[in-house]
Amino acid sequence: MSNPSEFLGLGISGLDELLGNFISPPFTIVIAGHPGSGKTTMASTICYYNALKGHKCLYISLQEDKEKLFEYMSKLGLDLGKIESEGLLKFVKIPMTLDLEGVAETISRFASGEYKVLVIDSVNALLDVIEKNSEKRSWLQNFFYTISRVINGLLVLVAEMPYGSESLELGSIEFVSDAVLILKHRIEEGFLVKTLEVRKARGVPVLLAEVPFSISKGRGIEVYVPTILEEVPEGRKRIELPCDLLHRTLNHVHDGMVVNITYPPESDYVDLALLLLSLAIKENMKILFISYKYPPNSIREAILRNLIDRGLDEDLSKRLIENYVVFKSINPFSFNVSQLVIRELSLIKELDPDIVIFHGVEIPRHTTDISYHIRELYNQMNYLKKLGKIVVRVGAYTDDLSYRLESRVADIVVRLEYEGSEGHLGYKAYLWRRFRKPYVATQKEIDGCIEEAVGIVKELATAMRESR
């Protein structure tokens, strides 16, 4: 267990980052929001996180039932029962049959223990008692101010806002707090969208006032803070391409580069996946393949068939794919834009690939207004660039505006077009890398490039066979 003298935190992905990863005791935070917005979940998460670090937490409930709370939080991955059994959490329910002074006295008596985190859920029960008594409101404000200094730790006050209201009715309690977080939810494009407003954060330069968050089974509450970089980050590691054509025309790539591959809408050009697989094999890199169109097994089988058709052993091909590629699929219409970005970045954070392939990008492209789409895309690409990921966006050509805008976000553009006559259909590829002249490759050149890439795959397959 960590040393209890460590700094307190909130333990919520994204929120600690937003507020500076540092809370200096004594610190008072108000968590307010509409009914069902996640206030108790956030307060419980703060309590649980600090308890795991060795900071004892006292949870005072004026409304919440212990068994119901513990059961719900366990579904979110918070085992409150475990930390309670270890003496790191004490849950106390105070009946509102007591007068204000009696409630305050009870809280003070329990808080006199060695608690570094105190949650009071919710203060509305106290405010309702003294609704029109300004003198008692001032007394209550002073009580909260004092109690945070008694524990010399983190005081979390949970407050409920009426539906339709975005204003707090806490009197001057809001003004003596160090941070005020407002949890909201609204319907957007048919989806329930949860957002967190940082209304106040003393001593922290908060650049984003409102950010999306989610609450999910097994993961709890997660706050997504989009990374908006003031400068476009540089690539670092130089990576050589797997064939002579690409080396001549595109030279090389860096980690952090964005590659935009476009093909005609009536096709799916799977051969290009072999180029990326050979690159991953040559450089010992891991690929995350996210498809918006097909389930993982369909993509896996298509690449496997292609390798087998080119003379590779089926079992070895399966091993290669398993070693270097993870397949995932996402239905972009089951999220709004912010939620989709959260889902994608969660996968990338979890799997930590070197190359991220987004397949079927023409589908999410049309789920929202193009100006909003390109803004989100640009910020996401810069964030992944900062992480050093090679990003490959593969999709069908659907309209000129989308193609031109997305090409401007990319560092490398590959556009396949069909050509031919008298029943002989072939293709050509427009290749462009930033700061270099574009090149139009013939089908013969492209086929030769793919054969070189397959040769790299075959070499590794042979080595794997000989090492058995």
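Predicted model: local features only at pLDDT ≥ 70, side-chain atom pairs only at ≥ 80, totals over all residues.
## A helix on the inside

Let's start with helix α2, which covers residues 39-52 and so counts 14 residues. From its first C-alpha to its last, α2 reaches 20 Å, close to the 20 Å expected at 1.5 Å a residue.

Is α2 mostly enclosed or mostly open? Of its 14 residues, 12 are buried, so α2 is largely enclosed by the rest of the structure. The buried ones include Lys39, Met42, Ile46, Cys47 and Tyr48. Among them you'll also find Thr40, Thr41, Ser44, Thr45 and Asn50. Once you're past the helix, look for Gly54, which follows α2 and has a positive phi, near 100°.

## Two cis peptide bonds

Next up are two spots where the peptide bond is cis. One joins Pro25 and Pro26, with an omega of about -5°. To find Pro26, go to the loop between α1 (15-18) and β1 (27-33).

The other example joins Asp121 and Ser122, and here omega is about 0°. Ser122 sits in the loop between β4 (117-121) and α6 (124-129).

## Positive phi without glycine

Gly54 had a positive phi, but what about residues that aren't glycine? Take Asn284: its phi is positive, about 55°, although Asn284 is not a glycine. You'll spot Asn284 in the loop between α10 (271-283) and β13 (287-291). Its relative accessibility is 59%, so Asn284 counts as exposed.

Asp352 is another case, with a positive phi near 50° in a residue other than glycine. Asp352 lies in the loop between α13 (337-351) and β15 (355-359). With a relative accessible area of 51%, Asp352 is exposed too; the cut-off for that word is over 50%.

## A buried glutamine and its neighbours

Now head to helix α15 (residues 370-386), where you'll find Gln380. Is Gln380 buried or exposed? Its relative accessible area is 7%, so Gln380 is buried, given that buried means under 20%.

What does Gln380 touch, leaving out residues up to four places away in sequence? The answer is Val341, Glu344, Leu345 and Phe358. With Glu344 there is also a polar contact: the two side chains are joined at 2.6 Å.

Key
Residues numbered from 1 in each chain as written. Heavy atoms only, no water. Helix = DSSP H or I, 4+ residues; strand = E, 2+ residues; numbered from the N terminus. Expected span 1.5 Å × (residues − 1). Buried < 20%, exposed > 50% of the residue type's maximum accessible area, 1.4 Å probe, protein only. Polar contact = N/O pair within 3.5 Å; in protein donor to acceptor, adjacent residues only side chain to side chain. Contact = heavy atoms within 4.5 Å.
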